[in-house]
Amino acid sequence: MEQVKTPNIVSENYKVSGMTCAACAISLESYLTPLEGVVKVAVNYPNQSVAIDYNPQIISIENIQQKAKEISYTILIGDANEAKKTFEKIEEKRLKDLKVKLLFSAIFSIPVFIMAMFFMGKIPYENWLMMALSAPVLFWSGSEFFVIAFKKLRHFSTNMDTLVALSTGVAFSFSAFNTVYPQYFLSRGLMPHVYFESAVIIITLILLGRYFEEQAKSKTSSAIKKLMGLQPKQVTVIRNGEELLIPFEDILKGELIILKPGDKVPVDGMVKKGESFIDESMISGEPIPLLKTKGNPVFAGTINQKGALRILATKVGNETLLSQIIKQVEQAQSSKPNIQKLADKVAGIFVPIVISIAVLTSGIWYVFGPEPHFTYALLTLITVLIIACPCALGLATPTALMVGIGKGAEQGILIKDAQSLETAYKLDTLVLDKTGTLTEGKPKVTDVIWLEDINQEQLKSVLLALESQSEHPIAEAIVQHLKKENTSIIQTQSFKSITGMGAKADCNGAQYIVGNKALLLGNKINISTDLIQKAEALKLEAKTLVYFSEDSKVVAIIAVADKIKEGSVAAIQQIKRMGLAIYMLTGDNEHTAKVIADKVGITHFKANVMPSDKGNFIAALQAEGKVVAMAGDGINDSEALALADVGIAMGSGTDIAMESASITLMHSDLQQIAKAIKLSKATMQTIRQNLFWAFIYNLIAIPIAAGVLYPFSGFLLNPMIAGAAMSLSSISVLSNSLRLKKRSLNIYENSKI
């Protein structure tokens, strides 16, 4: 819970349990907003939270909580951490219960459907058997629909649950009446049809959709949990001259902390003693660990490499950079706009209209219809409710999304939520992280330039021997390169590592040095004019240079860089052709950023960027009215990924980046972004088609079900035909959604979308 106070007004954010659709968010907002003392209510359905501005002198939060309970929603007040834990337990239990009810419903519904479709009139006591199988589906698996519908009815409110409960309840009741007392309709020359299969299949399909939605929601806090996992559980500190192992939460500001190789840095602080390389990729995104010596800053969540350090804690708890990233990711996730599916948006209008039409139709037939008045009134009431069942409307969006998401998965594009598909086709701006997104994300040897007329094989063996003993990250890249060339290692003597500069050793009477230019010049090593010129050319390409000398002369220059991914240049060209503006953000220096941007064809870039700067950059673009996608792979990208309209993570990146993003590219290929946009266009067109036909179906079918043709032709729609028509409308929606499977995502094709 977060509070911001202004005179007499308190703004608070709480978790809410009990919301099952976007219409629930609308319902809760509309119910709480008119309360005296409540200034503003904003319900975020995807994040399952509510922001409330209210005057505590007029109304207490407990009163607001009680009002929400009246319509089946629980606002979790109290300590924020405890509320989160309670919410997680509630949601976990709900998911388990939903799974059990779904399985139970499916097991009982399938035989009812098979009997009704294929064995009608062939099984003894089939109506009784179907009723026995259907009753637990409706009144146990589907009990939530009836409970919520009743509570909303008490407060003159409706949603899709109301229509589901009404249509399935009426279908079941009518069918049960015809099963128990078939003579009523038989004596009036009418067949006592039953619609048990319609009722149970509707319940099962809607439970299936709810289960998938709950599963997706349960993953929304994973990124936060994994960020918190970067904090160690226990830490070694020095107190009163003794080493003590204490819980992470007990660290005090000014504490002296011991870091061993491989330890996570628990706080923001400063090195007091020792030297080691620390992996700060979570902050900068850059792959090469940085050397830390006395006086250098360190940050919580980064990882110590091979050395030992003693650090002084300068920021602890919520003050650390990691805690700020966690907070910003939380805020970014909660600021996502509500997923307002059209079917849920119109529920507040559609449901009461259908009920009104059904009641009005029944009344007209009862007053003005032929004999038997009551029978015709009842049949038309049931026919309207059955034919207007929201099955096609309810399936219109989720079926297209399921097929679209499946199509994406086949292409290596994993889509976590519906909103990303709803938004991707509207994108006009793409922001790219550099390291790990445009580039491979780890240093590799790009060039090795040897002095002419020397024995390279022997020198390679010596170089491998030196770098194998070094702890520097660049040394590892050189070792891997030499091993790929099947270089054999040779024994050296008097190895010495010079921190931050390189290493030296003797072999067969000669002295060898490997390191930066300053180390070699300090040892009065000669560098030929030719090698100097080639080194300058490599520097212009933003490559890190390592010099290798034998006695008094440099024999080789090794260039190391984070290589641009194969396909990055082509991807940028493709995305530009789609009309998107492209920006590159990086924690690297200005020169390196410019070199990479020029190579891949990006005009707009920003260097020396911190994690919060990325989020601010995204927010600034959105404030200009742009629809922004962010593509990244690191922890430092997590806030921006969560804040962007569409977050795109590289499959080769961190779990936290993937959890914060809404789309993951499993092949880490930027060309997949163009495919994802095309998939979004195709999916949204299919959803619009589905909704159009679902509404047209209701527009035409409801008047016919009400008997509008009867005065002209004597035609009155049979409830059995209404049930079949309802099923056909659902099948047409499913068939149209399945057409998505055949759509090509080849970005070079000008196929219609």
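The legends below describe several close-up views of a predicted model.

**View 1. The second largest cavity and the residues that line it.**
By residue class the lining of the second largest cavity divides into 8 nonpolar residues, with no polar and no charged ones. As background to this view, rolling a probe the size of a water molecule over the atoms shows where empty space is left.

**View 2. A nonpolar patch on the surface.**
Ile 110, Phe 113, Ile 114, Met 117, Phe 118 and Phe 119 form this patch, and together they have about 560 Å² of accessible area. One of the residues in the patch, Ile 114, lies in helix H3, which covers residues 80-118. Ile 114 counts as partly exposed because its relative accessible area is 34%, a value that falls between the limits of 20% for buried and 50% for exposed.

**View 3. The loop between helix H21 and strand E21, with Ala 542 and Lys 543.**
Ala 542 is found in the loop that runs between helix H21 (529-540) and strand E21 (544-550). Although Ala 542 is not a glycine, its phi is positive, at about 65°. Ala 542 counts as buried because its relative accessibility is 19%, and the cut-off for buried is under 20%. In sequence Ala 542 and Thr 592 are 50 residues apart, whereas in space their C-alpha atoms are 5.0 Å apart. In the loop between H21 and E21 there is also Lys 543, whose side chain meets that of Asp 447 in a salt bridge with an N to O distance of 2.7 Å. Asp 447 lies in strand E17 (residues 439-450) and Lys 543 in the loop, so the pair ties together parts that are 96 residues apart in sequence. The two partners fall into separate accessibility classes, for Lys 543 is buried, with a relative accessible area of 15%, while Asp 447 is partly exposed, with a relative accessible area of 24%.

Side chains of opposite charge can pair when their charged atoms come close.

**View 4. A network of salt bridges that links Asp 433, Lys 614 and Asp 637.**
Across the structure the count comes to 17 salt bridges. One of them is formed by the side chains of Lys 614 and Asp 637, with an N to O distance of 2.5 Å. Lys 614 lies in helix H24 (residues 611-623) and Asp 637 in the loop between strand E25 (628-632) and helix H25 (638-643), so this pair ties together parts that are 23 residues apart in sequence. Lys 614 and Asp 637 are both buried, and Asp 433 is linked with these two residues in the network.

**View 5. Ser 494 in strand E18.**
Strand E18 covers residues 493-498 and includes Ser 494, a residue that has a positive phi of about 55° although it is not a glycine. Ser 494 is exposed, with a relative accessible area of 54%.

**View 6. Leu 208 in helix H8, shown with Lys 101.**
The place of Leu 208 is in helix H8, which spans residues 196-218, and Leu 208 is partly exposed, with a relative accessible area of 31%. Leu 208 and Lys 101 are 107 residues apart along the chain, and their C-alpha atoms are separated by 9.7 Å.

Methods
Residues are numbered from 1 along each chain as its sequence is written. This is a predicted model: local features need pLDDT of at least 70, side-chain atom pairs count only at pLDDT 80 or more; totals for chains, interfaces and linings use all residues. Side-chain values use heavy atoms; hydrogens and water are left out. On a 1 Å grid over the protein atoms alone, a cavity is a set of points where a 1.4 Å probe fits but cannot get out, and a pocket is an open set with protein on both sides within 12 Å along at least five of seven lines; lining residues have an atom within 4 Å of a point. Ala, Val, Leu, Ile, Met, Phe, Trp, Tyr, Cys and Pro count as nonpolar, Asp, Glu, Lys and Arg as charged, and the others, Gly among them, as polar. Patches are made of residues with over 30% relative accessible area and no salt bridge: like charges are joined within 9 Å, nonpolar side chains (Val, Leu, Ile, Met, Phe, Trp, Tyr) within 5 Å. Accessible areas come from the Shrake-Rupley method with a 1.4 Å probe; for residues, only the protein chains shown count as cover. A salt bridge is a side-chain nitrogen of Lys or Arg within 4 Å of a carboxyl oxygen of Asp or Glu. Helices (H or I, at least four residues) and strands (E, at least two) are DSSP runs, numbered from the N terminus. Buried means under 20% relative accessible area, exposed over 50%, partly exposed in between (1.4 Å probe, protein chains only).
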